[in-house]
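Hi everyone, thanks for coming. Please take a moment to look at the sequence and the structure before I start.

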Amino acid sequence: MDYFVGGEFTYDWTSHHLKFWEKLLGDKAGTATAVLEIGSLEGRSALFFLQFLPKSRITCVDSFQGGEEHVGSKYESDMAEVERRFDRNLKPFADRVEKRKGHTVTILPGLAAEHRLYDVIYVDGDHSATATYSDARLAWDLLDNDGVMILDDHRWRPDLPMARRPAAGIEAFLSQVAGEYELLHRDQQIIVRKNGIAAAKSFTIAGRDIGELAGGALSPPLVSFVVINWNYGRYVGAAIDSIRRQDYPHFECIVIDNGSTDDSVQVIARHVEGDPRFRVETLAQNGGQLGAALWALDKVNGGFVTFVDADDVLFDNYASTHIQVHMALQRSVGFTSANVAEMDSTGTALTASYQQLRLNRPGAQRGLRGERTVLRLPTVSPSQYRLLDASTATIPRAHVGWFWAPGSANMFRTSVLHLLRLDDGSKPLMTSADGYFNTICHAVAGSALIDMPLSGYRLHSSNYFATGESMEGIRTGTREYAAKLRKFTYESVKYLIEGSERFDWLLGGEFWPVVDRVTRENPDRLRDYFSDEIAVEIFKRNAPQLRSVFGARRFSREVLARFSGAQARSILGAGFGSRIPMRVLSKSLSRDVRTFLRIGRTR
């Protein structure tokens, strides 16, 4: 391919490198590659990068003042004309080119301050040893882990004094970053790949190890996995193996056999054997998934917990990605929910994502904090961090509904689960853990979505939440499950109402909005929801406490906002000891009349 057809050039210092560059960068040809070029002149090398890497964007840094090689030699040039040729040659790619004119000692630190990172960096600027060292060292901090740096002219002009040629600067730079790179090529050009992931062994802040910064007083978060199994002997081994493969080493796992009658116990024992991070608990009878999850809460040690469905599998980067997001969100949330790849009973992929998990929701806050300002995991490279930044959104707790991926996709803050634990796990609760935890944790503390599949969600005949892959406009799961889950939301309402004294203090002015949000109903449907006798009974039983906590006026207002007619007056009567104040009774009757007239007009 002729990368330079139609261009205006004088000298060619580039073409003899291209065959090797094509081989070197072949794996990046289809990716969105960020390229930094130090020393552009007429733009030959920039034209190669832009065309060989068609999804790339390039930052070109040049003072357009020339160097020693451009003065008093056959290569002497009018640098103003060189810059004009650069502009003309790169004009067809203007939307992918960023020109930074100036000296590298000011421009490169500026790029670092903007948290810029690059996958390929080509260093071909001022040829003095000092300038070459400075350019390479400043650019190194801009190079992504696994990124490639090309250092040009290592053997240029051996007749010149060492201080006036690049070789000494390049060697000094390589000596300083020893252990942080893999040497790919050594000739006229030195080419290295940054291996920062392997070099870093712990969390870092702005590139420095937290062990060094905190003197060993700060350790990485512990993640607790809780696998809840009931008669999934055919799947649970794969779930356990996927946890063992996590690239995040700081985890424990409790595998609970929930009263299985198949060969699950034997399968579990075989797959956890010899790994001290795993421990097995066996319940005599099936306590339901939520019942087992609540029972396990007192036994987990991690600050974060994921309840793993025994028929799912986690990707190797599941824990590290969730923890990185938790550490980097603009504000802490109750849980993170990643996307899932849906698969059939044999493990064959059906979809790459769960349709309901969407980031573009009104009021959602996109992105993470700057990479250099947060605790960074060694297993999440800068390029992966950029991808996470673009693939994450914090959802305000005021949002109502279900917009998360199911089951194993969610990682909770353990402290929030303890705050909102429904029961001590002593009685069976035959519903899904996420059906309760997701709704109430989000209503209280908000949540964040990661639009990246981090686990495989298995669809099969025994999965009554989802009988088929998720598609726009088609419901998954069974009618019976949907009705059961809606009915179970009254347990969340009951838990909050019964604990109103504690939760009023914890939530302040948000108590009543949280009660409404856990219903998962839109505001215009709340009265229908609360008209169910289950809700009426919850409020009647706790009416004296509600009046005591909120005072007579607020108690009356909140009851009338959710109930009407005889239902409202029965709750008010329970709260006021059957002596409803006249002003409250009048307001209730007046509201009933207005409702009657409004219904009459619509008929």
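This is a predicted model: local features need pLDDT of at least 70, side-chain atom pairs count only at pLDDT 80 or more; totals for chains, interfaces and linings use all residues.

Residues are numbered from 1 along each chain as its sequence is written, and side-chain values use heavy atoms, with hydrogens and water left out.

Let's begin with strand 4, residues 118-123. Helices (H or I, at least four residues) and strands (E, at least two) are DSSP runs, numbered from the N terminus. Six of the six residues in strand 4 are buried, so the rest of the structure largely encloses it. Buried means under 20% relative accessible area, exposed over 50%, and partly exposed in between, with a 1.4 Å probe and protein chains only.

Who are its partners? Strands pair if DSSP finds at least two bridges between them. Strand 1 (residues 34-38) runs parallel to strand 4, joined by four bridges, and V35 stands opposite V120. Strand 5 also pairs with strand 4 in the parallel sense, over five bridges, and there I121 has M149 as its bridge partner. Between strand 4 and strand 5 the chain passes through helix 5 (residues 129-140), in a right-handed β-α-β crossover. Right-handed here means that, with the strands pointing away from the viewer, the path from the first strand over the helix to the second runs clockwise.

Now the two residues. D146 lies in strand 5 (residues 143-151); its phi is positive, about 75°, although it is not a glycine. D146 is partly exposed, at 43% relative accessibility. F64 sits in the loop between strand 2 (57-62) and helix 3 (79-90), with a positive phi near 50°. F64 is buried, at 7% relative accessible area.
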